[in-house]
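Student: I would like to learn how to read a sheet and a pocket from coordinates. Could you take me through one case?

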Amino acid sequence: MKEAVESLPSEFSEITALINNAGLALAPEGAADVDLSDWHTMIDTNCTGLVNVTHALLPKLIEVGAGTTIINVGSIAGQWPYPGSHVYGASKAFVKQFSYNLRCDLQGTGVRVTDLAPGIAETEFTLVRTKGDQTASDNLYKGTTPLSAQDIAEHMFYIANLPEHININRVEVMPTRQAWSPFAIDRD
C-alpha cells in the first residue's frame, strides 16, 4: 500500500479525500455453522484492509490539511445486532470506533473523519454474502425500497464537500421502509 501511494503521479499526489468503502459480509448462517475462514476474510477486509489503507494515506492527508476528509463506510450492523451478523457486525463496530478514535488523533490537523453507516442497500452485497445466490439477493430486496449505491454516493459527496470547519462524526442512514425489530425472546 505504501509503495502504491509513493508511486502516485504528481498530479494525483495531493489527496483530499479517502473513502474506505471496501467491505463484505459472508456466511449469513448462525455463528456455530460458519466456516472460520469466512470470519477471517471479513476481519481481513473490513478491519485490516481499512487500517492499512488509512495508515498509508495519513501522511498525505495531514500534509494537505484543512478540508481533507476520511469517510469510513460502516454499517448499521455496527450499532444494531441481528441474527447472522456475528463477525460482520463486529467488524463494522470496529469501523465506527476506529473512526471516532482516529478523529481524536487527527484533531488539529484539519483532517475530518466520518463513519457513514448505511442500512439495507441494493448492491452486490447480498450476492457476495450468499456466494452468488441471486434468488436470495432478489428475495431480500423484494417488495421494499432499499437504499441505492447512488444514495450512498450522494452522502459521501456531501460529507467530503462540507466547509472545512465542519466534521460529521457519524451518519446512520436507512431507507424509510427499514426500522428495528422487537427484541427476540426464546420461549418454551
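Tutor: We take the sheet, then its helices, then the pocket. This is a predicted model, in which local features need pLDDT of at least 70 and side-chain atom pairs count only at pLDDT 80 or more, while totals for chains, interfaces and linings use all residues. Residues are numbered from 1 along each chain as its sequence is written, and side-chain values use heavy atoms, with hydrogens and water left out.

Student: In what order do the strands of the open sheet come?

Tutor: Strands of a sheet pair through backbone hydrogen bonds, either parallel or antiparallel. Here strands are DSSP runs of E with at least two residues, helices are runs of H or I with at least four, and both are numbered from the N terminus. Two strands pair if DSSP finds at least two bridges between them. The open sheet has four strands in the order 1-2-3-6, with parallel pairing. Strand 1 (17–20) and strand 6 (170–173) are the edges, each pairing on one side only.

Student: Which faces of strand 1 and strand 2 are covered or uncovered?

Tutor: In a regular strand the side chains alternate between the two faces of the sheet. Strand 1 has Leu18 and Asn20 on a covered face and Ala17 and Ile19 on an uncovered one. In strand 2, Thr69, Ile71 and Val73 point one way, Ile70 and Asn72 the other, and all are buried (under 20% relative accessible area with a 1.4 Å probe, protein chains only; exposed is over 50%, partly exposed in between).

Student: At what angle does each helix run to strand 3?

Tutor: Angles run from 0 to 180 degrees between N-to-C directions, with axes fitted to C-alpha atoms, for helices over the stretch in contact (heavy atoms within 4.5 Å). Helix 3 lies across strand 2, strand 3 and strand 6, at about 160° to strand 3. Helix 6 lies across strands 1, 2, 3 and 6, at about 165° to strand 3.

Student: What is the volume of the largest pocket?

Tutor: Rolling a probe the size of a water molecule over the atoms shows where empty space is left. On a 1 Å grid over the protein atoms alone, a pocket is an open set of points where a 1.4 Å probe fits, with protein on both sides within 12 Å along at least five of seven lines; lining residues have an atom within 4 Å of a point. Points are joined across faces, edges and corners, and the volume is the space filled by probe spheres set on them. The largest pocket has about 1,300 Å³. Of its 40 lining residues, the closest to the centre are Ser75, Ile76, Tyr82, Gly119 and Ile120.
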